[in-house]
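Q: Before going through the ring pairs and the disulfide bonding of this model, could the terms be set against the computed values one at a time?

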Amino acid sequence: MPKLPARVKRIMIIIGVAAVITAGILLYLSHVYLSLSSKHNATTLCLEFIGTLTEMNLVNKSSIVSMINNYTKIYHVSMKVTAYALNGTLLFSYGSYIPPILNGGQSSPSIISSSQVSILNYGVCQYYGKDLIWEVQIGTLPEALYLFVAGLALVFIGLALVAIGV
């Protein structure tokens, strides 16, 4: 294998160090996003959303999408709402759900249920209405996961460039 010129090695080291520094920033931002997502109890938000949903006079797709967008902006969480008919047919689904990494100190119950509401897991609950079933899932912001993966990749790339350049 031919030797690399000193100038190329120096550039590889500089790019590697820059990648490692950028990775540190991305990992820090990932931590910040994860902290924002974990600030509120996901099960409480889930029950609050179902309470708001049941109090609405007119429930349609646009109003639910608007509510989901408001919750994700205000509470910095990922959220998915699904509606099923009583026979199990999927009627409506909107949003994205990434399970919470930190559960805020709450243990995951198997199933806690009342007459109309069931808590299936941390941040996952269902409402059994007259003609349909609502399932709400609240989790971590996707950006936290994306930034963590990108930061981890940049750490390895940066260290590899530095090692090759030395």
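A: A disulfide is here a pair of cysteine sulfur atoms within 2.5 Å. The model is a predicted one, and a search of the whole structure finds 1 disulfide.

Q: What makes C46 and C125 a disulfide?
A: The sulfur atoms of C46 and C125 are 1.7 Å apart, and because the cut-off asks for a distance within 2.5 Å, the two cysteines count as a disulfide.

Q: Why is the disulfide of C46 and C125 called left-handed?
A: The torsion about its S-S bond is about -110°, and therefore the disulfide of C46 and C125 is described as left-handed.

Q: Which parts does the pair of C46 and C125 tie together?
A: C46 belongs to helix 2 and C125 to strand 5, which covers residues 124-128, so the pair ties together parts that are 79 residues apart in sequence.

Q: How do you know whether C46 and C125 are buried or exposed?
A: Buried means under 20% relative accessible area; C46 has a value of 0% and is therefore buried, and C125, also at 0%, counts as buried as well.

Q: Why is the pair of F49 and Y71 called edge-to-face?
A: Ring centres must lie within 6.5 Å to pair, and planes over 60 degrees apart count as edge-to-face. The centres of F49 and Y71 are 5.1 Å apart with their planes at 85°, so this pair is edge-to-face. F49 lies in helix 2 (residues 42-55) and Y71 in helix 3 (residues 61-75), so the pair ties together parts that are 22 residues apart in sequence.

Q: Why are F49, Y71 and Y75 described as buried?
A: The cut-off is under 20% relative accessible area. F49 stands at 0% and therefore counts as buried, Y71 is buried at 8%, and Y75, with 18%, is buried too.

Q: How many aromatic pairs are counted, and what do ring pairs link into a cluster?
A: The count comes to 2 aromatic pairs, and ring pairs link F49, Y71 and Y75 into a cluster.

How values were computed
Residues numbered from 1 in each chain as written. Predicted model: local features only at pLDDT ≥ 70, side-chain atom pairs only at ≥ 80, totals over all residues. Heavy atoms only, no water. Phe/Tyr/Trp six-rings, centres within 6.5 Å; stacked < 30°, edge-to-face > 60°. Helix = DSSP H or I, 4+ residues; strand = E, 2+ residues; numbered from the N terminus. Buried < 20%, exposed > 50% of the residue type's maximum accessible area, 1.4 Å probe, protein only.
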